[in-house]
Amino acid sequence: MSSINDIRSSKFLKKEDVGAGSLVTIRSIGKQNVAMDGAEEDIKFILHFDEFEKPLVLNSTNAQVIAKISSADDDIENAWVGVKIVLYNDPNVSFGGKITGGIRVRSPKTKKETDLPF
């Protein structure tokens, strides 16, 4: 069964691409124009992953979480490469003053956490 999200193509990861949780490895970080074709240039940091062809546009919240996971907030172009994170669809993310859902990051669960009964 198809949905409207199948029609809207994007060159960047969308919340529908990651689902409830996708373990990924950061391959590289860089800057790219993320504006729609014909719109004014909008340069943002993006992350590329080994597991996805499309990159993730990095926002401040996710960047702060990755800095904490990696213990690195300097020289991120090198320090974050190889770091494993989980991308997931958080339905509580707001954009433009409306709750729209969006991609959030978290650290991978440890063996002990996955063994917990709750």
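**Pocket lining, sheet and nonpolar core**

Strand β7 makes the greatest contribution to the lining of the largest pocket, supplying three residues. The structure is a predicted model. In this model, at least two lining residues of the largest pocket come from each of α2 (15-18), β3, α3, β5 (94-95) and β7. The volume of the largest pocket is about 1000 Å³. Its lining comprises 28 residues, of which F12, L13, K14, V57 and F95 lie closest to the pocket centre.

Strands β3 and β7 also belong to an open sheet of five strands, which is paired antiparallel in the order β3-β2-β1-β4-β7. Both β3 (56-57) and β7 (102-106) are edge strands with a single partner each, so one side of each has no neighbour in the sheet. Within the sheet, β1 (residues 22-33) is joined to β4 (residues 84-90) by four bridges in the antiparallel sense. T25 has K84 of β4 as its bridge partner. Helix α3 (residues 60-70) packs on the sheet through contacts with β1, β2 (43-49), β4 and β7, and its direction forms an angle of about 15° with that of β7.

The largest nonpolar core consists of 19 residues, and the most contacts inside it are made by I26, L47, F49, I66, W80, I85 and L87. Two or more core residues are given by each of β1, β2, α3, β4 and β7. Strand β1 provides the largest share, three residues. For L47, the contacts beyond four places in sequence are with I26, S28, I29, P55, L56, L58, I66 and W80. Among these partners, I26, I66 and W80 are also listed with the core residues that have the most contacts.

Note on methods
Residues numbered from 1 in each chain as written. Predicted model: local features only at pLDDT ≥ 70, side-chain atom pairs only at ≥ 80, totals over all residues. Heavy atoms only, no water. Pairing = 2+ DSSP bridges. Contact = heavy atoms within 4.5 Å. Axes fitted to C-alpha atoms, helices over the stretch in contact; angles between N-to-C directions. Core = buried A, V, L, I, M, F, W, Y, C linked by side-chain atoms within 4.5 Å. Buried < 20%, exposed > 50% of the residue type's maximum accessible area, 1.4 Å probe, protein only. 1 Å grid on protein atoms, 1.4 Å probe; cavity = no way out; pocket = protein on both sides within 12 Å on 5 of 7 lines; lining within 4 Å. Points joined across faces, edges and corners; volume = space filled by probe spheres on them.
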